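Me: I have a chain open and want to learn to read it feature by feature. Where do we begin?

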Amino acid sequence: MWRILRTAAAAVIIAGTTNNAFASPIFFTSETPFNAALGGATLGLESFESNFTGGVLSVDFDALTVTGDQNLIRTNPSTLATDGTGTIGIIDFNFNGNFMTFSFDSPINAFSLDVLAANDFFSGGNIILGNNNGASQILYSGLLPTSQVSFIGLIDTTTPFSSVTVTTTLSGDGVQYDRLRFGTVDSTPTPVPEPSTMLLFGTGLAAAAYRRWRKAAARAEGD
Ligand SMILES: [Ca+2]
Ligand SMILES: [Ca+2]
C-alpha cells in the first residue's frame, strides 16, 4: 500500500513538473496493487456467462456494450475461463491485429480484465490498454504462454472514462477475455502543489516581504 502511495505521489510530482496537474491514469498488470488502489470500493463484474449471440460485431450486456473490429465469439465452455465457464473472444481473420471496445452505460474510473491466450504463438505482438480520454499504454509485449492470464487494469480517479479499448497487435491471433471488473473508486488523490504553483507562492511571499522591508526602510528614513 505504501509503495502505491509513494508511486502515486511520485507520479504527481513528475506530472507537476510537466505542467500536467493530475497523477492519473495509473495502469496495472498485477491484480494485488490494483485491488489495493480500489480503497475498498466494490466493482461490478461481467463474466460473459450469458447466452449471448456471437458472430456479430457488437454485443450488449447489462452495464456495457462490447464492440470488436471483427466478429465477436462466444466460447462456453472455455478451458481458459477465469470466472465461470464462458468467455468473449475475437480472432484476427484480417491479419492486422484486433481491438475490442468496452463501452459503459455510465462513466467509470476503474477497470480490469483478464486477457487470455494473447500473443501466444508468435513473438512481436503487444497488448495495449487505452480509454476514450486518450490514455494508452502497452502492458504486455512479446511471446506469452497460452495458459497465461494477463491481467490488465486502469484507474483514473481524476478523469472518469466511458469506454476502454484493448488492442492486440499480433497478426492472426485469437484472444479471449473474462472477468471484467468496472466501477468507481472514491479515493481522492492527496493534493500535492505543482512546482509552478509553489514557485508563484514563493514569489508572492518574497514580494510581500520586500514591500514590508521597503515600508520599514521608508519609515526609518522618515524618522
Ligand atoms: Ca466467464
Ligand atoms: Ca491466441
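Reply: Begin with pairing. Two strands pair if DSSP finds at least two bridges between them. Here, leucine 45 has arginine 181 in strand 13 as its bridge partner. Three bridges join strand 2 to strand 13, and the two run antiparallel. Keep in mind that this is a predicted model.

Me: How many helices and strands does the chain have?

Reply: The chain has three helices and 13 strands. Of its 223 residues, 30% count as buried. Take the contacts between residues at least 6 apart in sequence: 72% of them join residues at least 24 apart.

Me: What is the mean pLDDT of the chain?

Reply: The mean pLDDT is 85, and 74% of the residues reach 70 or more. Residues 7-22 fall below 50, and beyond near neighbours in sequence this stretch has 20 contacts in the model. Where pLDDT is low, the predicted coordinates should not be read in detail.

Me: Now the sheet. In what order do the strands of the open sheet come?

Reply: The general idea: strands of a sheet pair through backbone hydrogen bonds, either parallel or antiparallel. In this structure, six strands form an open sheet in the order 3-4-7-12-9-10, with antiparallel pairing. Strand 3 and strand 10 (136-141) are the edge strands, each pairing on one side only. Ignoring direction, neighbouring strands of this sheet are turned by 15° against each other on average.

Me: Which residue is the bridge partner of threonine 67 in strand 7?

Reply: Threonine 101 is the partner of threonine 67. Strand 4 (residues 64-68) and strand 7 (residues 98-108) are joined antiparallel by five bridges.

Me: How many residues lie between strand 9 and strand 10 in their hairpin?

Reply: Four residues lie between them, and glycine 134 in the turn has a positive phi of about 95°. Strand 9 and strand 10 pair antiparallel over five bridges.

Me: Why is strand 6 largely enclosed by the rest of the structure?

Reply: Four of its five residues are buried, so strand 6 is largely enclosed. Strand 5 is joined to strand 6 by four antiparallel bridges. There, threonine 75 stands opposite threonine 87.

Me: Next, the backbone. Which peptide bond is cis?

Reply: Look at omega. The bond from asparagine 76 to proline 77 is cis, with omega near 10°. Proline 77 sits in the loop between strand 5 (72-75) and strand 6 (87-91).

Me: What about phi: what value does phenylalanine 48 have?

Reply: Phenylalanine 48 has a positive phi of about 60°, although it is not a glycine. Its place is the loop between strand 2 and strand 3 (58-60). Phenylalanine 48 counts as buried because 26 other C-beta atoms lie within 10 Å. Asparagine 119, another residue other than glycine, has a positive phi near 55°. The loop between strand 8 (110-116) and strand 9 (126-131) holds asparagine 119. With 25 C-beta neighbours inside 10 Å, asparagine 119 is buried.

Me: Last one. Where is glycine 39 found?

Reply: Glycine 39 is in the loop between helix 2 (31-37) and strand 2 (44-46). It is partly exposed, with 14 other C-beta atoms within 10 Å. The C-alpha atoms of glycine 39 and valine 185 are separated by 7.1 Å, though the two residues are 146 apart along the chain.

Methods: Residues numbered from 1 in each chain as written. Chains lettered and ligands numbered in written order. Predicted model: local features only at pLDDT ≥ 70, side-chain atom pairs only at ≥ 80, totals over all residues. Buried ≥ 20, exposed ≤ 12 C-beta atoms within 10 Å, placed from the backbone. Contact = placed C-beta atoms within 7 Å. pLDDT = per-residue confidence, 0-100. Axes fitted to C-alpha atoms, helices over the stretch in contact; angles between N-to-C directions.
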